[in-house]
Amino acid sequence: MGINEVWSWVETDKGKILDIGLKIAAETVRFSKQTGVKPCAVVSGEAKEEIGRLKRYGIRKVYVLEADDGSHPDVVPSLQGLSQLLAAIQPDHLLFAANSLGNEWAARLSIRFQAGVLGEIVDYGKSKGKLQLRKKAYGGNVHALFTLEGGAMSILTISLDALEKLEQPVEELEIVPFSCRCEQPRIVLQKVEPIHWSELSLHEADFVIGVGRGVTKEGMRTIQKLAEKWNCPIGGSKVADESGLITREFRIGASGKNIACHIYLAIGISGAPHHLAGIKEVKHLVVINPETNAPITENAELVIAMDFEKVIPFLLEMQTETLEVVS
Ligand SMILES: Cc1cc2nc3c(=O)[nH]c(=O)nc-3n(C[C@H](O)[C@H](O)[C@H](O)COP(=O)(O)OP(=O)(O)OC[C@H]3O[C@@H](n4cnc5c(N)ncnc54)[C@H](O)[C@@H]3O)c2cc1C
């Protein structure tokens with residue numbers, strides 16, 4: 001038996017808790033309501049100043065990983081620290097967001113601790129007293145259902161499409177520092193290079209271009225030049241997917257991906273409710289559409305009410321420095 005806790009790994013970067021970290025924290029609380037265990041988080045001490053933010057999403061206890069000496073100041077306590085914490089205490093469940101880091105760590109830790117592991121969960125709920133988990137299988141064509149039978153710790157990754165940054169504030173947050181040995185890793189990060197725009201995921205990009213029925217195949221070529229210039233992925237509506245402008249995995253909306261980028265530039269998209277469902281968390285919406293009463297214009301901060309073919313050449317000429325992302 002575990003200690004009646006569910007933990008989530010809250011991802012940070014340079015002392016800041018990432019959006020994905022807040023989402024998985026909120027998910028931990030939803031999970032705890034189904035399982036009756038305490039919602040807790042584990043976070044690297046590099047984000048010490050930000051830990052209070054987790055109260056807003058309903059987390060009740062946070063384990064803070066601190067390096068026990070300053071001998072390797074460039075090594076942020078992360079997988080090493082989490083692994084040492086798990087060797088000392090084990091929760092009933094450990095959740096990760098199903099991004100590349102979450103999926104990799106879940107697999108590595110499940111082998112190290114002989115825990116049950118299940119990835120890319122899209123939904124879960126109680127059935128006949130047991131927790132039933134649903135995940136996509138066979139390339140997403142079917143859903144497979146699993147039950148948690150108790151026993152050893154389970155490690156789960158939750159599909160990014162299922163994560164929502166739901167606020168459910170609590171008053172108290174217990175903070176538990178955990179001191180870990182940080183050894184210089186054998187594989188050392190040398191530098192970070194930008195990924196080509198066509199390989200960027202809609203979930204992780206700051207800036208996303210969306211295309212819809214108003215965009216032609218020829219027009220798509222100039223929009224791709226813009227994506228290349230700004231290094232951002234191109235998603236779009238269901239119509240854009242069905243007409244071959246984008247592939248299925250880049251569909252945004254109720255039957256596609258939810259995005260939470262800083263800027264979403266919607267080109268030739270009307271803003272049907274199914275599309276708007278996928279852009280609720282976008283911070284700044286910019287629209288290119290000559291139809292000024294299209295629903296997508298309602299929440300836009302800027303509407304360029306023109307034919308996109310006239311606007312894109314102008315954007316291609318613009319100085320990139322003027323497009324610095326602001327939050
Ligand atoms: C079960 C179900 C699930 C669905 N899931 C999704 C989903 O996940 N995502 C999704 O997007 N849709 C989804 N849909 C479809 C959705 O209801 C709409 O049909 C779709 O979003 C419309 O796509 P659109 O905005 O590209 O096209 P339209 O609604 O036809 O809009 C095209 C827009 O382009 C503008 N335009 C035309 N020419 C130009 C030009 N030269 N320059 C600039 N603008 C121009 C027009 O003014 C218009 O506003 C779903 C539907 C169903 C039934």
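Of the 27 residues around the ligand, which come nearest? They are Gly212, Gly214, Ser237, Gly253 and Ser270. A residue is near a molecule or strand if its C-beta atom, placed from the backbone, lies within 6 Å of it. Two helices give two or more residues to this shell: H5 (238-242) and H6 (273-276). H5 supplies the largest share, 3 residues. By class, the shell has 10 nonpolar, 12 polar and 5 charged residues. Here Ala, Val, Leu, Ile, Met, Phe, Trp, Tyr, Cys and Pro count as nonpolar, Asp, Glu, Lys and Arg as charged, and the others, Gly among them, as polar.

This is a predicted model: local features need pLDDT of at least 70, side-chain atom pairs count only at pLDDT 80 or more, and totals for chains, interfaces and linings use all residues. Residues are numbered from 1 along each chain as its sequence is written. Helices (H or I, at least four residues) and strands (E, at least two) are DSSP runs, numbered from the N terminus.

Now the sheets. Strands of a sheet pair through backbone hydrogen bonds, either parallel or antiparallel. Two strands pair if DSSP finds at least two bridges between them.

Phe207 stands opposite Ile263 in E14. Angles run from 0 to 180 degrees between N-to-C directions, and axes are lines fitted to C-alpha atoms, for helices over the stretch in contact.

H4 (residues 217-230) also meets helix H7 (residues 308-317): their axes come within 10 Å and cross at roughly 25 degrees. H4 and H7 are therefore roughly parallel to each other; angles under 35 degrees count as roughly parallel, over 145 as roughly antiparallel, 65 to 115 as roughly perpendicular and the rest as oblique. The crossing is left-handed. That term applies if the near helix is turned anticlockwise from the far one by less than a right angle; clockwise gives right-handed. From H4, Gly219, Thr222, Ile223, Lys225, Leu226 and Lys229 meet Phe308, Glu309, Ile312, Pro313, Leu315 and Leu316 in H7. Contact requires C-beta atoms, placed from the backbone, within 7 Å. This contact has 7 nonpolar, 2 polar and 3 charged residues.

The other open sheet has 9 strands and mixed pairing, in the order E9-E8-E7-E10-E6-E1-E4-E5-E11. E9 (142-147) and E11 (174-180) stand at the edges with a single partner strand each, so one side of each has no neighbour in the sheet. The twist averages 35 degrees from one strand to the next. E7 (residues 116-127) and E8 (residues 130-137) pair in the antiparallel sense over 6 bridges. Lys126 has Leu131 in E8 as its bridge partner.

Helix H2 (residues 79-88) packs on this sheet, touching E1, E4, E5 and E11. Helix H3 (residues 100-113) lies across E1, E6, E7 and E10, at about 170 degrees to E10. The axes of H2 and H3 come within 11 Å and cross at roughly 35 degrees. Their crossing is right-handed. Leu79, Ser83 and Leu86 in H2 meet Trp105, Leu109, Arg112 and Phe113 in H3. That contact divides into 5 nonpolar, 1 polar and 1 charged.

Key: Two residues are in contact if their C-beta atoms, placed from the backbone, lie within 7 Å.
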